[in-house]
Amino acid sequence: MERIARRFYQLALAVVAALCVGLFIYAGGAVVMVVFAAALVAVVLHGAARLICRVLPVRQWVAVVLFLAGFVGSVSLVVHVSGPELVTQLSHLYAALTHERDALHATLDKNPVGHSVLNHIPRFFGGNQTSGPLGAEGAGGGMDFAGSMTNVLTSTFGSAGTLVVIIIAGVYFALSPHLYANGLLRLVPTRYRGSARELIRTTAHVLSAWVAGQMLDMTVVGVLTWVGLSLLGMPLAFPLGLVAGMANFIPYLGTFIGAVPALLIALSISPREALMVAGLYAFIQAFEGYVMSPFIQKRAVSMPPALTILSQTIFGAFLGMWGFAFASPITAVLLAVIDHLSTPLPEDEQV
């Protein structure tokens, strides 16, 4: 009887803790996502610093500074050499997409069914629906705390300010990762610190593997899209490839998001061009799904496709665009934590 009562108490405690965490994320989702984004930046910087430390006998923080200096210098060189052309192409891409969006909106708005569809699409994407920034309505559910924190991040600082906060916080995390990890461990009771330490290491390893795999995947998709569109004679091939690579940060669904700009521009040229572009993106998607993903998953993080898409839907519904973008790394971390805390299922109990 005492054993049953103890297990019931542990289960109730776990449920209460999960509810508290869920309520915190539900109320201050934008803040949590900013912290998580900063952690991803720190993971990238830490991984790059480790590679530098293997080559040069320097300390961790020196390697981070060297990488930042090299990165800023490389970006400055690229901007100096091809910055004006890139800015021109991006501005042309934005103008073309805006024109095609307005033309599609005018066509759909004349039809009752199309008008009804537009009422459920955000205005930024050419619809008639007005929504809060960064999905604030879906993330906060009208709660005062969520609204106030989102307004601080979006209205006061703006998107650029939020990006600066993420980068600065990520740099500080990468300069002294042990300082912050040990600070978290001090909040854990002494008898649980061993398990907490392993959880922190597991989380760091999973995030590092996911970021490395995703960056490789984004680079390959971006380059293939750029080369393929150039061979097809599509205008603005480089910025479209850049958009496709960046959109692929979101697994599976990001591929379709990245294909929309190219298809809109191709439709403005001819239906034949649109079919060729659609075939190109289908080929790249097949290559990414059947060749790149298995190769990356062997060395990085393996997640079931259905679980990835469901997590994007769930996190997107509760946290808006932030949750939609970071659903995959969050799910990878949660799976790793569950796998670490749970015992393997015996073969005779498997389905």
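The legends below describe several close-up views of one predicted model. Residues are numbered from 1 along each chain as its sequence is written, and side-chain values use heavy atoms, with hydrogens and water left out. Because the model is predicted, local features need pLDDT of at least 70 and side-chain atom pairs count only at pLDDT 80 or more, while totals for chains, interfaces and linings use all residues.

**View 1. The chain as a whole comes to 13 helices and 0 strands.**
Helices (H or I, at least four residues) and strands (E, at least two) are DSSP runs, numbered from the N terminus. Of the 351 residues in the chain, 31% are buried, where buried means under 20% relative accessible area, exposed means over 50%, and partly exposed lies in between (1.4 Å probe, protein chains only). Among contacts between residues at least 6 apart in sequence, 63% join residues at least 24 apart, and contact here means heavy atoms within 4.5 Å.

**View 2. Phe 36 and Phe 326 form one of the 6 aromatic pairs that a search of the whole structure finds.**
Rings of Phe, Tyr and Trp (its six-membered ring) pair if their centres lie within 6.5 Å, and planes under 30 degrees apart count as stacked, over 60 as edge-to-face and the rest as tilted. The ring centres of Phe 36 and Phe 326 are 6.0 Å apart and their planes stand at 70°, so this pair is edge-to-face. Phe 36 belongs to helix H2 (residues 29–55) and Phe 326 to helix H13 (residues 305–341), so the pair ties together parts that are 290 residues apart in sequence. Both Phe 36 and Phe 326 are buried.

**View 3. Phe 326 also forms an aromatic pair with Phe 249.**
This second pair is edge-to-face, with 6.0 Å from centre to centre and 85° between the planes. Phe 249 lies in the loop between helix H10 (237–247) and helix H11 (253–269), whereas Phe 326 lies in helix H13, so the pair ties together parts that are 77 residues apart in sequence. Phe 249 is partly exposed, with a relative accessible area of 23%, while Phe 326, at 10% relative accessibility, counts as buried. Ring pairs link Phe 36, Trp 210, Phe 249 and Phe 326 into a cluster.

**View 4. Helices H9 and H10 pack with their axes 7 Å apart, at an angle of about 155°.**
Axes are lines fitted to C-alpha atoms, for helices over the stretch in contact, and angles run from 0 to 180 degrees between N-to-C directions. Angles under 35 degrees count as roughly parallel, over 145 as roughly antiparallel, 65 to 115 as roughly perpendicular and the rest as oblique, and H9 and H10 are therefore roughly antiparallel to each other. Their crossing is right-handed; a crossing has this name if the near helix is turned clockwise from the far one by less than a right angle, and is left-handed if anticlockwise. Among the residues that meet here are Met 218, Val 221 and Trp 226 in H9, and Phe 238, Leu 240 and Met 246 in H10. The residues of this contact divide into 9 nonpolar, 5 polar and no charged, where Ala, Val, Leu, Ile, Met, Phe, Trp, Tyr, Cys and Pro count as nonpolar, Asp, Glu, Lys and Arg as charged, and the others, Gly among them, as polar.

**View 5. The axes of H10 and H11 come within 7 Å and cross at roughly 160°.**
H10 and H11 are therefore roughly antiparallel to each other, and H10 passes H11 in a right-handed crossing. H10 contributes Leu 240, Val 243, Ala 244 and Ala 247 to the contact, and H11 contributes Gly 254, Gly 258, Pro 261, Ala 262 and Ile 265. These residues divide into 7 nonpolar, 2 polar and no charged. In the loop between H10 and H11 lies Asn 248, which counts as buried at 2% relative accessibility. Leaving aside residues up to four places away in sequence, Asn 248 touches several residues, including Gln 214, Asp 217, Thr 255 and Glu 288.

**View 6. Leu 236 lies in the loop between helix H9 (193–231) and H10.**
At 17% relative accessibility, Leu 236 counts as buried. Not counting residues up to four places away in sequence, Leu 236 touches Gln 89, His 92, Leu 93 and Ile 265. Leu 236 and Gln 89 are 147 residues apart in sequence, and 6.2 Å apart in space, C-alpha to C-alpha. His 92, in helix H3 (residues 60–109), is partly exposed, with a relative accessible area of 45%.
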